[in-house]
Amino acid sequence: MLSIVVPCFNEQESLPYFVKEVEKVASIITHSVEYVFVNDGSQDDTLQSLRQLYKNMPDRVRYVSFSKNFGKESALYAGLHASRGDLVTVMDADLQDPPDLLPQMIERIETSDIDCVGTRRQDREGEPVVRSFFARLFYKLVNKFGDTEMIDGARDFRLMTRQMVDAILSMTEYNRFSKGIFSWVGFNTEYISYENRERVAGTTSWSFWSLFKYSIDGIVNFSDAPLTLASFIGAFSCIAAVIALIFIVLRALLFGDPTTGWPSLASIVLFMGGLQLLFLGVIGKYIGKIFLETKKRPIYIIKETEKDIKKER
């Protein structure tokens, strides 16, 4: 069986197009297909659409609806947890992940010794220049300073074996970053490139600011490089301050203590104070992650599934 995990946040307009396109592909593959939709606290009629899809295809459609918006990472985890197939794929409902790649991905995973076939965009055509710049910068930083390699342009859209999915589910951390988790668990992975595609309907929920915060989480979750960098800069600043202090004392002893130069001194003090606040923020980010992990809160809370509709009958 092939399980298709689909996180949904305000995807009411996209769902009919998505199911129509996937059904075309499902008709030409040999595997039976199950849909696992996860409604991540949508504010539109996504839940009503999922209920109707279940009524239309009760043997193939399953869904999980959260009590609120927990974020895409939680939705991915919930969908993988609910999946039952020997092969599992993760797809977005907006059709930016082309379903017509599935037959090729299935053939590749069944005819070779690999556990995952991932996808990556060939380019970032149609994406704002600023967003593309920061996206490339993120991958360069995380691969340079982190221990887990992340592929530039890689999508969450991938086909995985049940063994790999179970390994991902064994990582029950609250602070999740799936791109890093997919890579961290290992397993043989190959990537297929495809041209970037626009959403088929609706609008994206990913603003520049939300993507920026997401990238910060990715760096913090899979690298301690910011803390190392803070330590090095702190040590360098201390050494520079000691040298400057010796110079000031010697100058005062040899040439007196002129009062000129206070603007430069004030600038140095402000610069050092800014560095301290910056790295206190870096340290605080890590402490905040630790704080959330120690609470042991659930990754998501389920309000409704297709089983509730069965009970009503």
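Phe177 is buried, its relative accessible area being 1%, where buried denotes under 20% relative accessible area, exposed over 50% and partly exposed the range in between (1.4 Å probe, protein chains only). The model is predicted, so that local features need pLDDT of at least 70 and side-chain atom pairs count only at pLDDT 80 or more, while totals for chains, interfaces and linings use all residues. Residues are numbered from 1 along each chain as its sequence is written, and side-chain values use heavy atoms, with hydrogens and water left out.

Phe177 is located in the loop between helix H6 (162-169) and helix H7 (178-184); helices (H or I, at least four residues) and strands (E, at least two) are DSSP runs numbered from the N terminus. Although 104 residues separate Phe177 from Glu73 in sequence, the two lie 6.6 Å apart in space, C-alpha to C-alpha. Glu73 is one of the buried residues of H3. Helix H3 (residues 72-82) is mostly covered, with 9 of its 11 residues buried.

A nonpolar core is defined as a set of buried Ala, Val, Leu, Ile, Met, Phe, Trp, Tyr and Cys residues joined through side-chain atoms within 4.5 Å. The largest such core contains 36 residues, of which Leu2, Ile4, Phe18, Tyr35, Phe37 and Met105 touch the most other members. Elements giving two or more residues to this core include strand S1 (2-8), helix H1 (15-26) and strand S2 (33-39). The most is given by H1, with 6 residues. A second, separate core comprises 26 residues, among them Leu76, Met160, Ala167 and Val185. Leu76 is also among the buried residues of H3.
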